[in-house]
Amino acid sequence: MPDVILRLALPSPLRRLFDYRAPLGMTAADFAPGMRLRVPFGRREMIGVLIEVTEHSEVPAAKLKPALALLDPVSPLPPSLFKLCLWTAQYYQHSLGDTLSWALPVLLRQGDPAEARQERFWQAAADARLDDPRIARAPKQREALTTLAQHPHGVAHALLSKLQLSKDSLDMLLAKGLVTVEVRRHHPEARHQRWLAQPELPLNPEQSAAFQAVRAGFGSYHASLLAGVTGSGKTEVYLQLIRETLEAGKQALVLIPEINLGPQTLARFEQRFNARIALLHSAVNDRERLDAWLAARDGEADIIIGTRSALFTPMKHPGLIIIDEEHDGSYKQQEGLRYHARDLALVRAHQENIPIVLGSATPSLESLHNAYIGRYALLRMDQRAGGAKPPKFMRLDVKSRPLDSGISGPMQQAIGQTLERGQQVLVFLNRRGFAPTLLCHDCGWLSECPRCDARTTVHQRSGELRCHHCGYAERVPRKCPQCGRVDLRPVGAGTERAEERLSILFPDYPVLRVDRDSTSRKDAMAQLFATIQKGQPCILVGTQMLAKGHHFPRVTLVSILDADGGLFSGDFRASERMAQLIVQVAGRAGRAEEPGRVIIQTHLAEHPLLVQLTEQGYFAFADQALSERRAAGLPPFAHLALLRAEAHKPGQAEGFLDEACSAAEQLLGSLQLHAIELLGPVPAPMERRAGRFRAQLLVQASARAPLHKLLSHWMLQLEQMPSGRQVRWSLDVDPVDLY
Ligand code: ADP
Ligand code: ZN
Ligand code: ZN
């Protein structure tokens, strides 16, 4: 009998497959690719995914271990998902086993059966009669039987109390054979004939043009960039496209940034449709996640809504993919498998041959570029659907003006006037805490994190100095640790300080803070928004959390306290992020009668990017920024890969990267690759973080194909390099943050 060798992908960083013998007594016919097996690995056990069954292994037969158990009777992974994972692993130069493990629901990774939850269902027996003499004198049992008879598919055990069915009565009915209990999979609701639970809004001309353009591409791959200002009614367009998808008997996948997963967004989908909606986001527990995944895979969910990783949800009848707020940074995973869900969504749409819509008020420069070169259809919606006018922008030059907790005199006046008119103000400052650092006025000591090359932030409320990079925290010292004197002063301003100062400046108005510190409590956000919706004059102070998802119709002034960070930064994407934030925050404000004003404090009032943004809008800014990127040979006009390394000892990371760099140089020669530059190795912009020394090597290429050719050869060499064992290293293809 020929040997049965199972070739498995294991959740290990090693980019290779692992061979095992079949468990005793099993033959090749028992296996199919995609099935999961439990196998020994070193001293541990792992769950692997079968890639192929062969008869030969390069591992000597004596060393081949048998797999311990086969976990699936059939492959739980549909071929389309498997194909996507293969592509992902190859593109990001990541191990296939680890890629599969990121893509699968946690419970499948852990070896749970790929089956929907079983439940007990109570049902009236087929021949049960309400006038049965055995229950003539038992009104409760008769009542219970009547209720059950109204539910021909049975009642799930968990719902008994909701229907006021007593377990005792049911048990007695069961004993008399008048009801039956069945353990089975939750019965999916029947598909609906009428998908709409609520009427649709008649689309305005811009919406209608966008809708028609996407609809015309239904049935095959077609990518559109829906660039619609905040409030232009993108969501309404999505909803109507989804309705078309459902009517065609297909499923729709909607990705949204984590932070947008407010009840408001979900409610709009749930209220609109009679459809089975599967949710996949961080608040969903592992069991619910697996159930949603299975329902989507088996065609029992019509709409799948989720955050980044929901991209890997299989669909039986894929029809449409929507990426809302496509520019959002949360689509890029920054650890492990460093994928970009938006980019993979395009690959997936292509593989499944279905249309995809990327929507944003502030599209990423990458997507805009793709639209300009004709890869995506560019659909613009420039009018606000509700008739609200766009906000007016003003740059406020604060050079040599005194700042009071970050707020200049003219800004204070503008805030005061707005409040007096009975309107709301939104103050935006993308820095949490009280002050970015603590300074000794006597000796110049600055509070620094002992584990990072970074200052610690003063958090006055909790009396702590905290590092926002590694989570380190200590009590605020009473005297200077260096000279012992007591003149310690917070320098600069964060949201906590702005909140405190504004409460003193405007004691008659409530000041509400929205940032990660103030909203960590559940419901805090909801309460806050309820207050804001009431419409009384007030001041909202917050970070980028304010920029997303919510509308504040009664806000007529948006105060941006500091735009300079985005213009000074060494990170080439900083200005793009700043522009997106400003436009997103500004877009939250104003309504038909009362257009919003946006005042931006800056020391760089004449900076061309800021001038373009405020005078001609986001697209003018983007064009300017794109031409700067082109001139500098930066994405989207070049392709990057970043090799990062970190180690406990200084110099170790650079040592590895030096070797890596020489290896890459040799490969460039031997593979005859051109137009690829190696930049570095250099210490990371923040060299020490969480106690480790970090360095990086940037690979910059003008074309993708040679870059990927280099990477695939290079990674094989890096994995063999002894110096790589002493450091923690990772490759980031298309990095978003270069730190
Ligand atoms: P976006 O997603 O582009 O920010 P929304 O879809 O949230 O915009 O729409 C903004 C507001 O305009 C919502 O209150 C929505 O109900 C309303 N709206 C959208 N489309 C229409 C329309 N065709 N007619 C009237 N109101 C609309
Ligand atoms: Zn001192
Ligand atoms: Zn730190």
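Modeller: Throughout, a residue is called buried under 20% relative accessible area, exposed over 50%, and partly exposed in between (1.4 Å probe, protein chains only). The model is predicted, so local features need pLDDT of at least 70 and side-chain atom pairs pLDDT 80 or more, while totals for chains, interfaces and linings use all residues. Residues are numbered from 1 along each chain as written, chains are lettered from A and ligands numbered from 1 in written order, and side-chain values rest on heavy atoms without hydrogens or water.

I begin with the zinc ion that is ligand 3. Its protein donors (N, O or S atoms within 2.8 Å of the metal, or 3.2 Å for Na, K and Ca) are the SG atoms of C449, C452, C467 and C470, at 2.2 to 2.4 Å. The arrangement around ligand 3 is tetrahedral (four donors with all angles between 85 and 135 degrees), because its four donor atoms subtend angles of 106 to 115 degrees. For reference, the ideal angle for four tetrahedral donors is 109.5 degrees. Along the sequence, the donor residues of ligand 3 follow the spacing C-x2-C-x14-C-x2-C. The pair C449 and C470 links distant parts of the chain, 21 residues apart. C449 belongs to the loop between strands β20 (437-440) and β21 (457-459), whereas C470 belongs to the loop between β22 (464-466) and β23 (473-475). Helices (H or I, at least four residues) and strands (E, at least two) are DSSP runs numbered from the N terminus. C449 counts as buried because its relative accessible area is 3%, while C470, at 21%, is partly exposed.

C443 is partly exposed because its relative accessibility is 31%, whereas C480 is buried at 3%.

I turn next to ligand 1. A polar atom in the side chain of Q207 lies 2.7 Å from a nitrogen atom of ligand 1. On the oxygen side, an oxygen atom of ligand 1 is 2.8 Å from an N or O atom in the side chain of R268, and an oxygen atom of ligand 1 is 3.3 Å from a polar backbone atom of S232.

Elsewhere, D328 occupies the loop between β13 (318-323) and α10 (341-352). D328 is buried because its relative accessibility is 5%, and its side chain makes a polar contact of 2.7 Å with the side chain of S330. A377, in strand β15 (residues 377-381), is partly exposed at 27%. Between A377 and P152 there are 225 residues in sequence and 49 Å in space, C-alpha to C-alpha.

Some backbone features complete the account. Most residues other than glycine have a negative phi, and most peptide bonds are trans. The peptide bond from P635 to P636 is cis, with omega near 5 degrees; P636 is in the loop between α18 (618-632) and β29 (639-647). The bond from G680 to P681 is also cis, with omega near 5 degrees, and P681 is part of strand β30 (residues 676-689). Q93, not a glycine, has a positive phi of about 55 degrees and lies in the loop between α1 (79-91) and α2 (96-103). Q93 is buried, with 7% relative accessibility. D734, again not a glycine, has a positive phi of about 55 degrees and is found in the segment after β32 (728-733). At 17% relative accessible area, D734 is buried.

Conventions
Polar contact = N/O pair within 3.5 Å; in protein donor to acceptor, adjacent residues only side chain to side chain. Tetrahedral: all angles 85-135°; square planar, octahedral: opposite > 155°, others 65-115°.
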